[in-house]
Protein chains: 2
Amino acid sequence: MGLAKTEIFTEEQNTIASMAKVLGHPARVSILEYLFKLNTCVCGDLVDEIGLAQATISQHLKELKSMGLIKGSVEGTSVCYCINLENWSRMKNTLAEFLDQDLTSNTCC
Amino acid sequence: MGLAKTEIFTEEQNTIASMAKVLGHPARVSILEYLFKLNTCVCGDLVDEIGLAQATISQHLKELKSMGLIKGSVEGTSVCYCINLENWSRMKNTLAEFLDQDLTSNTCC
DNA sequence: TTAATTAATCGTAATATTGCAATTAAACGA
DNA sequence: TCGTTTAATTGCAATATTACGATTAATTAA
């Protein structure tokens with residue numbers, strides 16, 4: 001079907017999955033790393049930095065924005081992007097909690 | 001195209017993306033949480049536990065197995081699954097390193 | 001106003017993902 | 001052996017994702 005049956009899972013499970021999903025493409029990972037590395041807003045040069053067409057980058061930026069991980073502000077003819085630290089932190093905590101699960105004992109395998 | 005241009009990204013970026021991708025579906029999140037909760041191998045009852053068809057569960061298990069996050073051992077007519085702790089830990093560290101990026105200063109936004 | 005620049009959006013093609021019914025394969029018990 | 005049980009695989013349909021050319025919208029500079 002191509003459509004996940006979100007209604008049979010918990011809110012938490014759907015949240016974790018959608019957070020992970022937005023990180024599930026190397027272009028978006030690359031964009032995020034670049035924004036962190038620059039440590040400031042990035043106006044324009046994302047298309048040059050990553051080797052994808054302008055329309056494709058714009059689409060990935062839209063997904064990152066819709067998950068709240070980045071924010072963009074219009075600056076003249078260009079748009080400046082940067083990490084949304086509050087939401088990034090929220091995501092980090094949610095995913096870390098999931099990843100930090102541990103088995104106290106591993107009785108069989 | 002539907003096909004990610006993996007060749008233009010770094011090995012690390014592709015690794016992070018593929019790890020995140022496998023966590024990007026609530027059914028797989030649910031399976032992993034169940035395996036952690038039970039704290040032991042699970043033989044069979046995954047289909048009852050999660051409300052998806054047997055073929056669908058089997059497919060998700062296959063993806064988790066191919067990423068090395070779980071391992072299954074044949075136990076008579078059924079198959080027992082459990083978390084692969086070494087690989088889980090590896091993934092946790094890789095993703096944590098990515099998520100722990102921080103901005104020392106946020107000069108513009 | 002007009003041209004130039006930049007990024008979003010639209011439209012489209014190719015591929016991937018999700019889900020399930022049906023079938024197959026493997027192992028056990030009678 | 002034969003039926004039963006369990007899970008993998010196959011085949012298919014529906015939807016999602018990725019990518020990009022072309023267009024549009026918005027802003028600036030001349």
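Helices (H or I, at least four residues) and strands (E, at least two) are, throughout this talk, DSSP runs numbered from the N terminus. A:Lys62, for instance, lies in helix 4 of chain A, residues 54-66. I shall return to that residue at the end.

Good morning. The structure under discussion is a predicted model, in which local features need pLDDT of at least 70 and side-chain atom pairs count only at pLDDT 80 or more, whereas totals for chains, interfaces and linings use all residues. Residues are numbered from 1 along each chain as its sequence is written, chains are lettered from A and ligands numbered from 1 in the order in which they are written, and side-chain values use heavy atoms, with hydrogens and water left out.

Let me begin with the relation between the two chains. Chain A is superposed on chain B by a rotation of 180° with 0.0 Å of shift along the axis, at an RMSD of 0.0 Å. The two copies are thus related as by a two-fold rotation axis. In chain A, the C-alpha nearest that axis belongs to A:Ala20, at 2.4 Å. The superposition is by least squares on the C-alpha atoms of residues with pLDDT of at least 70 in both copies.

I turn to the interface. With contact taken as heavy atoms within 4.5 Å, 48 residues of chain A are in contact with 48 residues of chain B. Of the interface residues of chain A, 100% are also interface residues in chain B, so the copies meet through the same surface.

How much area is buried between chain A and chain B? The value is about 4200 Å², and carbon and sulfur atoms give 67% of that area. Buried area here is the accessible area (1.4 Å probe) that two parts lose on being put together, summed over both.

Now the specific pairs. The count between chain A and chain B is 4 residue pairs in polar contact, both residues being at pLDDT 80 or more. A polar contact is a pair of N or O atoms within 3.5 Å; within protein, one must be able to donate a hydrogen and the other to accept it, and residues adjacent in sequence count only if both atoms are side-chain atoms.

Which elements of chain A supply at least two residues each to the side that touches chain B? They are helix 1 (11-22), helix 2 (26-38), strand 3 (78-83) and helix 5 (85-99). Helix 2 of chain A gives the most, with 8 residues. By class, this side of chain A has 27 nonpolar, 13 polar and 8 charged residues. In that classification, Ala, Val, Leu, Ile, Met, Phe, Trp, Tyr, Cys and Pro count as nonpolar, Asp, Glu, Lys and Arg as charged, and the others, Gly among them, as polar.

Next, the salt bridges, each defined as a side-chain nitrogen of Lys or Arg within 4 Å of a carboxyl oxygen of Asp or Glu. Over all chains, the search finds 4 salt bridges, and the rule finds 2 across the interface of chain A and chain B. One of them joins the side chains of B:Asp100 and A:Lys92, at 3.8 Å from N to O. B:Asp100 lies in the segment after helix 5 (85-99) of chain B and A:Lys92 in helix 5 of chain A, so this pair joins two chains. A salt bridge also links A:Asp100 and B:Lys92, again with 3.8 Å from N to O. That pair crosses from the segment after helix 5 of chain A to helix 5 of chain B.

For accessibility, buried means under 20% relative accessible area, exposed over 50%, and partly exposed in between (1.4 Å probe, protein chains only). B:Asp100 is partly exposed at 47%, and A:Asp100 is partly exposed at 48%.

Within chain B, B:Glu63 forms a salt bridge with B:Arg28, the closest N and O atoms being 3.3 Å apart. B:Glu63 lies in helix 4 and B:Arg28 in helix 2 of chain B, so the pair ties together parts that are 35 residues apart in sequence.

Finally, some individual residues. A:Thr94, in helix 5 of chain A, is partly exposed at 21%. Leaving aside residues up to four places away in sequence, A:Thr94 touches A:Thr15, A:Ile16 and A:Met19. The C-alpha atoms of A:Thr94 and A:Met19 are separated by 8.8 Å, although the two residues are 75 apart along the chain. As for A:Lys62, its relative accessibility of 60% counts as exposed.
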